[in-house]
Amino acid sequence: FRLFRYVLCEVISEDPRCRQCIEDRALGLAIRDAITRVHGDYGLACCSISFTVKYLNAYTGTVLLRCRKDSYRLLCSALPFVRSLESRAQRYPCFLNTLHVGGTIRTCQKFLIQYNTTQLLRLLQNCTNEEERQCIQKSLLSCSLTEEPSPSGDEEEDDDGTETD
Amino acid sequence: MAAAAFERRVLRRAAEHHYLRVRLELPDGGARPNAAQFKQLVVTALKELHGEVGAALPVDVLTYEEKTLSAILRVISSGFVKLWSALTLLGFYQNRRCAFRVLQVRPCRAGWLPPDVSSGSKLDRLPKPTAFS
């Protein structure tokens, strides 16, 4: 029986151009590089078994990583050492915030939905002008979650239709 | 096939530090590392295999003989496996081929067997077969 751990994190950067670097190849390289620095050849080999970037959202900077259950601690301890993302010969400083570690994609998705709603509410409270407030209120009221019927299986994701704009 | 003579004694108490007697083999007759370079070599080995976490392991070189390139290392018990694996997989010193031979391992400071440089590693002796058949 294959056991995995799914690590949900968000990419935070002061430079708005960093968003274009949020792609699976650049992120995977940056994380592997951090694991090599912190845990050496052994750590890299250990974590690279079944390591993939499962889900990315460049708008919110949300990233879902998968690794083996035996080596998720090595991965999680190396994530704070990711300091920049590089893509197309451009490097931007950033850091990763770990939000949630779960055993299935479904638990991470449930957490993400709840986290996104609290974040939206907080953004609404921190609005500086009325225009932004109207905009966010409108998109909050218009978003909907579409559930597709899917066969049971931990590997499959339900369709997440929440709009975060 | 030459069988190396081993001896294994098991101590019950969990020890805080583990001690290793090692010997560095440098087959080419070049310059020998001094004590500081030897420690640097051990830390480099840990850094390659286990990264920053490995290089930060508290490893001490208790004794070092430059003539025979043998030393006694002390490491905290939780890092024992990391140190031994790193020494095993180190292959180069200043672009020269080298190898670490781990001669003896003890969980406490005293009770070293006399150093026998000619034989191989002395870690486990299989019990002599008794004459039952």
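Mentor: Quick term first: a nonpolar core is a set of buried Ala, Val, Leu, Ile, Met, Phe, Trp, Tyr and Cys residues joined through side-chain atoms within 4.5 Å, where buried means under 20% relative accessible area (1.4 Å probe, protein chains only). This is a predicted model, in which local features need pLDDT of at least 70, side-chain atom pairs count only at pLDDT 80 or more, and totals for chains, interfaces and linings use all residues. Residues are numbered from 1 along each chain as its sequence is written, chains are lettered from A in the order in which they are written, and side-chain values use heavy atoms, leaving out hydrogens and water.

Trainee: OK, how many residues has the largest nonpolar core?

Mentor: That core has 27 residues, and A:Val11 and A:Leu85 are among those with the most contacts inside it.

Trainee: Which helix gives the largest share?

Mentor: Helix 1 of chain A, with seven residues. Helices here are DSSP runs (H or I, at least four residues).

Trainee: And what does A:Val11 touch?

Mentor: Leaving aside residues up to four places away in sequence, its partners include A:Ile22, A:Val63 and A:Phe95. Touching, or contact, means heavy atoms within 4.5 Å.

Trainee: New topic: how many residues of chain A and chain B are in contact?

Mentor: Eight residues of chain A meet seven of chain B.

Trainee: How many salt bridges cross that interface?

Mentor: The rule (a side-chain nitrogen of Lys or Arg within 4 Å of a carboxyl oxygen of Asp or Glu) finds zero salt bridges between chain A and chain B.

Trainee: So what sort of residues does chain A put there?

Mentor: On the side of chain A that touches chain B, two are nonpolar, four polar and two charged. Asp, Glu, Lys and Arg count as charged, Ala, Val, Leu, Ile, Met, Phe, Trp, Tyr, Cys and Pro as nonpolar, and the others, Gly among them, as polar.

Definitions and conventions: Buried means under 20% relative accessible area, exposed over 50%, partly exposed in between (1.4 Å probe, protein chains only). Helices (H or I, at least four residues) and strands (E, at least two) are DSSP runs, numbered from the N terminus.
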